[in-house]
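This report describes a ligand site and a set of individual residues in one protein. The sequence and the structure are shown first.

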Amino acid sequence: MGRPRVVFVDDPDELGRVGADLAVETITRDPASWVVVATGRTPMGLYAELASRRRAGLIHTDQITAVQLDEYLGLGAGDRRSLLGWMRRSFLEPLEIPDDRVMTLPLDGDLVRGCSAFDEAIEDRGGLDLAILGLGENGHLGFNEPPSDDEARTRKVQLSPVTIEANARYWGAASDVPSEAVTVGLHSLLAARRIVLVVSGEAKHEIVREVVDGPVGPAVPASYLQEAEGDVTVVVDRAAWGSDRVPRAT
Ligand code: GLP
């Protein structure tokens with residue numbers, strides 16, 4: 001247990017390369033890794049970098065299992081806003097991961113039962129090897145909205161106005177963003193053997209400092225990374241952190 005390692009990078013390109021280095025290390029050590037994969041804009045460079053390293057024969061992704069991190073509720077089949085669709089385009093297709101190696105979240109039927117089966121499958125398998133995560137402007141991981149504590153399980157959630165507003169950037173307007181979602185819970189995420197949190201852009205300036213240096217608690221769900229048992233790296237670019245490269249008062 002300890003504070004996350006903070007790696008400072010200049011810009012989104014370097015963030016993609018450094019994040020990919022960490023992911024490659026895990027996948028090379030354990031080719032059958034279970035990897036939870038965030039959507040959002042920040043990890044896109046990391047995924048593009050992984051795809052190009054794969055094309056160059058530098059990594060093999062033919063045994064990894066990809067685990068969905070979050071999904072909106074209430075979308076019809078083929079909806080352009082599907083986060084699984086985004087995950088397919090950005091991660092699964094470029095890395096040629098077939099459907100039978102993708103663990104998707106339950107979206108209908110008995111969600112309580114489906115979500116606990118999802119967590120059990122992860123637990124039975126021995127947990128996640130790698131979590132590639134982005135940071136919400138309100139400190140969420142996946143859709144673990146504040147308040148969420150470190151025991152939070154995979155579940156249905158209501159999205160906060162801040163998150164709906166932030167997600168509107170992807171889909172057009174706030175009215176295009178569904179108000180409910182399913183997210184992998186913090187409990188499973190925090191137990192991952194390696195966590196890579198990628199943070200980019202000025203809008204994350206205040207929250208990333210709270211995540212790394214602030215008090216740990218449900219008001220900033222990502223702050224629990226400070227207490228995670230695994231290997232946690234926050235890769236943050238200059239626009240997000242600012243120019244002083246000192247993660248905390250010592
Ligand atoms: C979204 C998603 C998260 C994502 C985060 C940051 O709401 N639920 O999984 O990591 O917000 O997104 P971005 O990288 O676009 O800032």
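## Buried and exposed residues

Thr163 is buried, with a relative accessible area of 1%; buried denotes under 20% relative accessible area, exposed over 50%, and partly exposed the range in between, with a 1.4 Å probe and protein chains only. The model is a predicted one, in which local features need pLDDT of at least 70 and side-chain atom pairs count only at pLDDT 80 or more, while totals for chains, interfaces and linings use all residues. Residues are numbered from 1 along each chain as its sequence is written, and side-chain values use heavy atoms, with hydrogens and water left out.

Thr163 belongs to helix 5; helices (H or I, at least four residues) and strands (E, at least two) are DSSP runs numbered from the N terminus. The side chain of Thr163 is in polar contact with that of Asn138, at 3.3 Å. A polar contact is a pair of N or O atoms within 3.5 Å; within protein, one must be able to donate a hydrogen and the other to accept it, and residues adjacent in sequence count only if both atoms are side-chain atoms.

Ser223 is likewise buried, at 0% relative accessible area, and is placed in the loop between helix 7 (205–213) and strand 10 (231–237). A polar atom of the Ser223 side chain lies 3.0 Å from the backbone nitrogen of Gly217. Leu50, in helix 2 (residues 44–55), counts as buried because its relative accessibility is 1%.

Two loop residues are exposed. Glu96, between helix 3 (83–92) and strand 5 (102–103), has a relative accessible area of 57% and is therefore exposed. Although Glu96 is not a glycine, its phi is positive, at about 50 degrees. Asp108 is found in the loop between strand 5 and helix 4 (111–124) and counts as exposed at 63% relative accessibility. Asp108 and Pro178 are 70 residues apart along the chain, and their C-alpha atoms are separated by 15 Å.

## The cis peptide bond

Pro146 and Pro147 are joined by a cis peptide bond, with omega about -5 degrees. Pro147 is located in the loop between strand 6 (130–134) and strand 7 (155–158). From Leu50 to Pro147 the separation is 97 residues in sequence and 33 Å in space, C-alpha to C-alpha.

## The ligand site

Which residues are the closest to the ligand? They are Arg41, Thr42, Asp70, Tyr170 and Lys204, within a shell of 15 residues around the ligand; a residue belongs to this shell if one of its heavy atoms lies within 4 Å of the ligand. The shell divides into four nonpolar, seven polar and four charged residues. In this scheme Ala, Val, Leu, Ile, Met, Phe, Trp, Tyr, Cys and Pro count as nonpolar, Asp, Glu, Lys and Arg as charged, and the others, Gly among them, as polar. Helix 5 (residues 161–171) gives the largest share of the shell, three residues.

| Protein atom | Distance to a ligand oxygen atom |
|---|---|
| Arg41, backbone N or O atom | 2.7 Å |
| Tyr170, polar side-chain atom | 2.5 Å |
| Lys204, polar side-chain atom | 2.7 Å |

Of the 390 Å² of accessible area that the ligand has on its own, the protein covers 96%; the areas come from the Shrake-Rupley method with a 1.4 Å probe, and for residues only the protein chains shown count as cover.
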